Amino acid sequence: MKWINHNIVTFSTVYMFTNDLCAASMSLLGAVFPDFAEGKPTQGSSAQYWRWRKQHRGFSHWLFFYVALLLLLLWARQHYSYFLAHPMGATFCLYFLIGCILHILEDAICGKVPFFNLKKKYGIKCFEVGGVLEYLFVIAFVVLCVLVKLKFV
């Protein structure tokens, strides 16, 4: 999925569930972080691009890693008062991780990503990245989120 579409789908999802523009905004960095962590695919020669492409959606897209961090954060927020002294930082980390998780789930509908085993990737290819169907999916998803918020669905 293109970065702009990751941002739109993640923002819409978080806002739909939280009704909080700040929380939805905090998730935007996580919405692109897994790809950002891998670097730009256009840097270097054609051979470097294909090496990057082969490694794309590796560790930075490992769902288990982000879910484990999220659970650890939620556990720490409950058991350590330090997080109560810095609630905005902990809240940012929470929504950042949610953004990362949503990014990976979004990628799983247009390719394969590692879920629990880093060496085994799962997913379905509903559309090509950057294709017309991707944009139609994003439009339909946003419309669905709006309908849910307006309680039409």
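A nonpolar surface patch of about 880 Å² is formed by Val-132, Leu-133, Leu-136, Ile-139, Val-143, Val-146, Leu-147, Leu-150 and Phe-152. The model is a predicted one, in which local features need pLDDT of at least 70 and side-chain atom pairs count only at pLDDT 80 or more, while totals for chains, interfaces and linings use all residues. Residues are numbered from 1 along each chain as its sequence is written, and side-chain values use heavy atoms, with hydrogens and water left out.

**The nonpolar patch**

- Patches consist of residues with over 30% relative accessible area and no salt bridge; like charges are joined within 9 Å, and nonpolar side chains (Val, Leu, Ile, Met, Phe, Trp, Tyr) within 5 Å.
- Accessible areas come from the Shrake-Rupley method with a 1.4 Å probe, and for residues only the protein chains shown count as cover.
- Leu-136, one of the patch residues, lies in helix α7, which spans residues 132-149; helices are DSSP runs of H or I with at least four residues, numbered from the N terminus.
- Leu-136 counts as partly exposed because its relative accessibility is 48%; buried means under 20% relative accessible area, exposed over 50%, and partly exposed in between (1.4 Å probe, protein chains only).

- Asp-35 belongs to helix α2 (residues 21-36).
- Asp-35 is buried and has no salt bridge, and the nearest side chain of opposite charge, Arg-57, is 5.6 Å away.
- A salt bridge is a side-chain nitrogen of Lys or Arg within 4 Å of a carboxyl oxygen of Asp or Glu; Lys and Arg count as positive and Asp and Glu as negative, whereas His and the chain ends are not counted.
- Beyond its neighbours within four places in sequence, Asp-35 is in contact (heavy atoms within 4.5 Å) with residues including Trp-3, His-56 and Asp-107.

**Positive phi values**

- Asn-19, which is not a glycine, has a positive phi near 60°; Asn-19 sits in the loop between α1 (3-18) and α2.
- Lys-151, also not a glycine, has a positive phi of about 65° and is found in the segment after α7.
- Lys-151 is exposed because its relative accessible area is 70%.

**A residue of helix α4**

- Ala-76 lies in helix α4 (residues 63-79) and counts as buried at 10% relative accessibility.

Methods. Helix = DSSP H or I, 4+ residues; strand = E, 2+ residues; numbered from the N terminus.
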